[in-house]
Amino acid sequence: MADIEKITNDDFVAGKPRVKRERSLKRYWRMILLKTANILPINKFTRANIYRMAGVSIEKGVVRMGKVHMDTIHPEDVIIGNGSVIADGVHLITHYMDVKNMREFAYFRGQIRIGRYCYIGTNTIFTKGVTVGDGAIIGAGSVVNKDIPPYEVWAGVPAKCICKRYSELSDIPKPEEIKLK
């Protein structure tokens, strides 16, 4: 599972997070970039570059990204591999509330790592820090709340393994054999 950081009441003063002014301005700048990328009629490659400017870690190469709803609080915790396709309406949320421990008002933050050559279907929701292995496929409308192994097809609410893409390890193509268009 991805690294998870717990944030408690000690990180807040008078109900507001301890944030310096420059951090606050940086966050608003990121929010503007992330919202603008979803409003403007631009191609998917340019949209990926705007997400990079907002702090999302995207490998260089062909990444096709639709109108993705990125976490505006911690966009730097989203890591996307080369050759991945992310459809419209996907929600990448890197923080979540601990509902079992309301006295501390604790929320957790973790990284969402999407491997290389993955396909994420329309309206998929990532509810916390997870890792999606290389070559994995996630069906449309799924809710991902746990790690997904490489080269498997997952779908559902919550997401469950449907099948493996390759029956033998020798069938898995090597990265140099994959040609992206």
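Which residues are buried in α2? Keep that in mind while I note that this is a predicted model. Here is the list: Arg47, Ala48, Ile50, Tyr51 and Arg52 are the buried ones in α2.

Stay with that helix, and look at its ends. Asn43 caps the N-terminal end of α2. A side-chain oxygen of Asn43 sits 2.7 Å from the backbone nitrogen of Thr46. Now the other end.

Next, the core. Nonpolar side chains tend to be buried together in soluble globular proteins. In this model, the largest nonpolar core has 31 residues. Tyr51, Met65, Met70, Ile80, Leu92 and Phe126 touch the most other members. At least two core residues come from each of α1 (21-39), α2 (44-53), β7 (78-80) and β12 (112-114).

Now take Leu92. Leaving out residues up to four places away in sequence, what does Leu92 touch? Val68, His69, Met70, Asp71, Val78, Ile112, Ile114 and Phe126.

Last stop, the sheet. An open sheet of 4 strands runs in the order β6-β9-β14-β17, and the pairing is parallel. Which strands are at the edges? β6 (69-70) and β17 (143-144), each pairing on one side only. Strand β9 covers residues 91-92, and β6 pairs with β9 in the parallel sense over 2 bridges. Across that pair, His69 stands opposite His91 in β9. Strands of a sheet pair through backbone hydrogen bonds.

That's my tour. Thanks.

How values were computed
Residues numbered from 1 in each chain as written. Predicted model: local features only at pLDDT ≥ 70, side-chain atom pairs only at ≥ 80, totals over all residues. Heavy atoms only, no water. Pairing = 2+ DSSP bridges. Core = buried A, V, L, I, M, F, W, Y, C linked by side-chain atoms within 4.5 Å. Buried < 20%, exposed > 50% of the residue type's maximum accessible area, 1.4 Å probe, protein only. Contact = heavy atoms within 4.5 Å. Polar contact = N/O pair within 3.5 Å; in protein donor to acceptor, adjacent residues only side chain to side chain.
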